[in-house]
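Hi,

Here's the structure I promised to pass on. Have a look at it first, then read on for what turned up.

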Amino acid sequence: MLSYKDFLGLRETSVDDIIKILEASKQMKQIVQSPNKKAPHIQGKSIITLFYENSTRTRMSFELATKYLGGVSANISSSASSVAKGETLIDTGKTIDMMGTDVIIMRHNFSGAPHLLAKHVNASVINAGDGMNEHPTQALLDMYTIIEAKGGLKGLKIAIVGDILHSRVARSNIWGLQKMGAEVTLAGPDTLMPAEIARTGVHVSNNVEEALHGADVVMGLRIQMERQKKGLFPTTREYCRFFGVNEKLLSLAKKDALLLHPGPVNRGVEISSAIMDGDKSLINEQVQNGVAVRMALLYLITRSGANE
Ligand code: NCD
């Protein structure tokens, strides 16, 4: 049902495949919201989550997505497995593969790690976030959330604000949103803006006010402290003063603008508590849609064809 065995990034995913997943997510959302969350779509399929980095939303939503659709799921975290004894990624992957696994969902701190694994296993590999590269299911759930609220993506002005340099969420959204016809503006400190990013077709600004002006959607990003080796901004207080999105800044966007954030949020740093809990915020909807979108992806990727 999808074009490839693996789902590694939105850069390489076709518009057709993106639409297929987003369409299937609608039906999946009904299951998530129903009192009886037991559907047979992936009955008999074995899904493993292999996470080398921390996660609350992504891992939990993949696990619940598997269970709601009748699949079998198990988790491996690097600290509790033979990875901690020095086993290589490929050896770990082959071991999982031999246990009858249909899908390996992987998060890794190195960009490209899921791509490497995918070459060595028969199971489908889903990228649940690789270093600073991509987090394609996050962008899918962001797109789904926007479509649900706005009816589509074409022509929408979307401002992504914050630590673009370290953000795999931003990169997946840059590929996905533009493929779907949205206009993307990035804003953040120069030190957190990758030099080559304008080549993807986005607008780049170091002025948040300019980026938010007339936006349909404002997406905040977490400052990725764990990926910063050197001080790329003086203090979080200073960051917040110049780049933190608050009520005043958000009022520059359209009246019916939406606020998104992938979570986890540094409350009061990249976005203020007031707007996080305010009526423009769809942060809770994003979490729920994350389960629906991952159900759709698991269903489509395990259908005969994609796994061959
Ligand atoms: C994101 C991630 O891990 O890349 N989180 C998520 O999956 N919801 C964003 C982040 O950690 O800041």
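The lining of the largest pocket takes at least three residues from each of domain 1 (15–133 + 288–307) and domain 2 (136–283), with domain bounds coming from an automatic or database domain assignment. Keep in mind that this is a predicted model, where local features need pLDDT of at least 70, side-chain atom pairs count only at pLDDT 80 or more, and totals for chains, interfaces and linings use all residues. Residues are numbered from 1 along each chain as its sequence is written, and side-chain values use heavy atoms, leaving out hydrogens and water.

A pocket here is an open set of points on a 1 Å grid over the protein atoms alone, where a 1.4 Å probe fits, with protein on both sides within 12 Å along at least five of seven lines; lining residues have an atom within 4 Å of a point.

The largest pocket holds about 430 Å³ of space (the volume filled by probe spheres set on the points, which are joined across faces, edges and corners). It has 20 lining residues, and Arg-107, Arg-168, Arg-222, Gly-263 and Pro-264 are the closest to its centre. Helices α2 (57–68) and α6 (168–179) each supply at least two residues of that lining (helices are DSSP runs of H or I, at least four residues, numbered from the N terminus).

And the second largest pocket? Its volume is about 250 Å³. Of its 15 lining residues, Arg-11, Asn-133, Arg-171, Trp-175 and Thr-200 are the closest to the centre. Helix α6 gives the most to this lining, with three residues. Both domain 1 and domain 2 give residues to the lining, so the second largest pocket lies between them.

Cheers
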